[in-house]
Amino acid sequence: MNVREALEKLKNINESHGLSNDDIIVFLDGFGREFVPVPVIGAFSSGKSSILNTLLGYSGGRKLLPEDITPETAIPAELQYEAGEDSDNARITFTDGTEELVPFKDYLENKRAGVYEAEAARLKIIRFLLNNGKMARLPKLLLVDMPGFGSGDVSHEKAIDGYVERAMAYIVTFPADGMALTTEVGAALRELCVHGKPIRVMITKKDKAPIEEDFDKTRAVLEKNLKRYIDGRDIEWIETDSHHGDASELLACLEDLNDRAGEMMRTQKYLPFLREQAALTLTRLKGAFKLIGLSESELKENAETMAKEMREHEDNMRRMTDK
């Protein structure tokens, strides 16, 4: 039995005894549609947007993410998988809280026409809802192309706010031809470590790397400098090359994070909610049984039955996770 089945069973129990299911109904309505953010951060022009375009197969005039300084690079661009024929849309959120859903083709036309440049001050977030083969392999993740540090726009320095509490991990990018750790990136890393967030380090533009010996020396220096900011923890490296279309290590990293995201949602959201609702149902049933005159022994028996059912539910879910 999985979490959804356990909640449906609990919902049936509530219905049979005339108890409220409002919270369970709301929870089930959004079940499976939650996304765990994985922000990609780095210095300006570190190749973040380019490698994400490469990963998802967007190139030429159909580039999903801008790779130069535009108003859009000053705000987060979120990438989410969405199945269905009506997907491939851009949901644009403005600073006043309003939203606009734009088909991807129209978004590209508007972008070429300078519509978003004219509305730069009003833009807050763009979320792309993609029925994309690569995103279909990452259904639990919300990839976030964050503003680049050091581009001269103050809004580019807010790579942590709004995501740090929800993020699964952060991917920090450094170009192979410029693996310098800037003060801004170092400060961001230190804050992430304070929050206990996992960090992956991605080398982009591998085609521009110096000869192997020099590259290895430079990467060793970067690793040494990084460990000063990330409490000496081990570093997981990702090497990519958008020029040759190589994002395989990034995809493998994201698939691993996607698997971990499912477990994180199960342990941190689904199971706590299930236990909370089961305890609430048990309390309400005890009160209902008292009202209809059940004896203390009968109340105890009913309580033990409910507790046994919940233990069985949790045992079933653990077994499913271990498979």
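1. Contact here means heavy atoms within 4.5 Å. By that criterion, residues 24 or more positions apart account for 77% of the contacts in the protein chain with a separation of 6 or more. The model is predicted, with local features needing pLDDT of at least 70 and side-chain atom pairs counted only at pLDDT 80 or more, while totals for chains, interfaces and linings use all residues. Residues are numbered from 1 along each chain as its sequence is written, and side-chain values use heavy atoms, with hydrogens and water left out.

2. The secondary structure of the protein chain consists of nine helices and nine strands. Helices (H or I, at least four residues) and strands (E, at least two) are DSSP runs, numbered from the N terminus. Of the 323 residues of the protein chain, 45% are buried, where buried means under 20% relative accessible area, exposed over 50% and partly exposed in between (1.4 Å probe, protein chains only).

3. The nine strands of an open sheet follow the order β4-β3-β5-β2-β6-β1-β7-β8-β9, and the pairing is mixed. Two strands pair if DSSP finds at least two bridges between them. β4 (99–103) and β9 are at the edges with a single partner strand each, so one side of each has no neighbour in the sheet. On average, neighbouring strands of this sheet are turned by 25° against each other, direction ignored. For this and the later angles, axes are lines fitted to C-alpha atoms, for helices over the stretch in contact, and angles run from 0 to 180 degrees between N-to-C directions.

4. Strand β6 pairs with β1 (residues 36–42) in the parallel sense over five bridges. Its link to β2 (residues 77–81) is antiparallel and has four bridges. V38 has L143 in β6 as its bridge partner. V144 in β6 stands opposite P39 and also opposite E78.

5. What is the burial state of the residues of β6? Five of its five residues are buried. Both faces of β6 are covered, with L141, L143 and D145 buried on one side and L142 and V144 on the other.

6. The chain goes from β8 through helix α7 (residues 212–229) to β9 in a right-handed β-α-β crossover. Right-handed means that, with the strands pointing away from the viewer, the path from the first strand over the helix to the second runs clockwise. V201 is opposite W237 in β9.

7. Two helices are placed against this part of the sheet. α7 lies across β7, β8 and β9 and runs at about 140° to β9. Helix α6 (residues 183–194) packs on the sheet, where it touches β1, β7 (170–175) and β8, and its direction makes about 160° with that of β7.

8. The axes of helix α1 (residues 3–16) and helix α2 (residues 22–30) come within 10 Å and cross at roughly 155°. That makes α1 roughly antiparallel to α2; angles under 35 degrees count as roughly parallel, over 145 as roughly antiparallel, 65 to 115 as roughly perpendicular and the rest as oblique. Residues R4, L7, E8, L10, K11 and N14 in α1 meet I24, I25, F27 and L28 in α2.

9. N132 sits in the loop between β5 (123–130) and β6 (141–145). Why does N132 count as buried? Its relative accessibility is 9%. Leaving aside neighbours within four places in sequence, N132 is in contact with L56, Y58 and Y81.
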